[in-house]
Amino acid sequence: MTFSDVFKSSFLENVTAVSLTDMMLTLILAFGLGLFIFYIYKKTYQGVMYSSSFGVTLLALTMITSQVILAVTSNVVLSLGMVGALSIVRFRTAIKEPLDIAFLFWSIAVGIVLAAGMIPLAVIGSVVIGLILLFFVNKKSSSNPYIVVLTCDGQASETKAVSFLKSKAERCVTKSKSAQNGFVEVNMEIRLKNDNTDFINEIAGIPGVSSAVLVSYNGDYMG
């Protein structure tokens, strides 16, 4: 093997395996669709604290995935090695919101489809998915769910408070109840007939009711 044969290796051949036009077009489209996913995520986020870093991660993930798939589609041997390399990657970050998983898969899918050359599928599919998410996630139900926590000094006051609460609410379901010496605590899920919450003041004024707390929640009850 001569010195010139070393530079005739497949490594140098891979330099021109993907054209500059394909690279730029794929990355620009991935950046644009990644921004669109970021925008949809920001508009549909309903968690407690919004994390802009996760939105930037969605943008970066779209571009990184398209770059990886573009390299894989240009070389069969490289694709086998890439599969082996990526199989050892482990992600330890916990996903707090179930909807975040959908956004992660959406970013990865867009990157794959773009790098595969299916540009109309990536663009039209992303627009349709984004509109569906905007419609369903931001769609408000006719009645907002609340949790009412009542602290009473006995069975009689509890019965009066619960009866009054059922008369003011459209739907009332007991979620938990704990009793100790001297007081009873009841947690109830309610659906209000309207936006008026003044009834909680009236419940607190019932004899034997030491406290009445009204808390809005997203419908995910853990208990």
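Which residues of helix 7 are buried? The legends below work towards the answer, beginning with the whole chain.

**View 1. The whole protein chain is a predicted model.** Local features need pLDDT of at least 70, side-chain atom pairs count only at pLDDT 80 or more, and totals for chains, interfaces and linings use all residues. Residues are numbered from 1 along each chain as its sequence is written, and side-chain values use heavy atoms, with hydrogens and water left out. The protein chain holds 9 helices and 4 strands. Both are DSSP runs, numbered from the N terminus: helices are H or I with at least four residues, strands are E with at least two. Along the sequence the pattern reads α-α-α-α-α-α-α-β-α-β-β-α-β. Of the 223 residues, 29% are buried. Buried means under 20% relative accessible area and exposed means over 50%, with partly exposed in between (1.4 Å probe, protein chains only).

**View 2. Helix 7 covers residues 119-137.** At 1.5 Å a residue, its 19 residues should span 27 Å. The expected span is 1.5 Å times one less than the number of residues. The end C-alpha atoms of helix 7 are 26 Å apart, which agrees.

**View 3. Helix 7 has a buried side and a face turned away from it.** Its buried residues are A122, S126, G130, L133 and V137. The face turned away carries the exposed residues P120, L121, I124, L131 and F136.

**View 4. Four strands form an open sheet in the order 2-3-1-4.** The pairing is antiparallel. Two strands pair if DSSP finds at least two bridges between them. Strand 2 (169-180) and strand 4 (209-216) stand at the edges, each with a single partner strand, so one side of each is left without a neighbour in the sheet. From one strand to the next, the twist averages 20°.

**View 5. Strand 2 and strand 3 (residues 183-192) run antiparallel.** They are joined by 10 bridges. S176 has N187 in strand 3 as its bridge partner.

**View 6. Helix 8 (residues 155-168) lies across strands 1, 2, 3 and 4.** Helix 8 runs at about 160° to strand 2. Axes are lines fitted to C-alpha atoms, for helices over the stretch in contact (heavy atoms within 4.5 Å). Angles run from 0 to 180 degrees between N-to-C directions.
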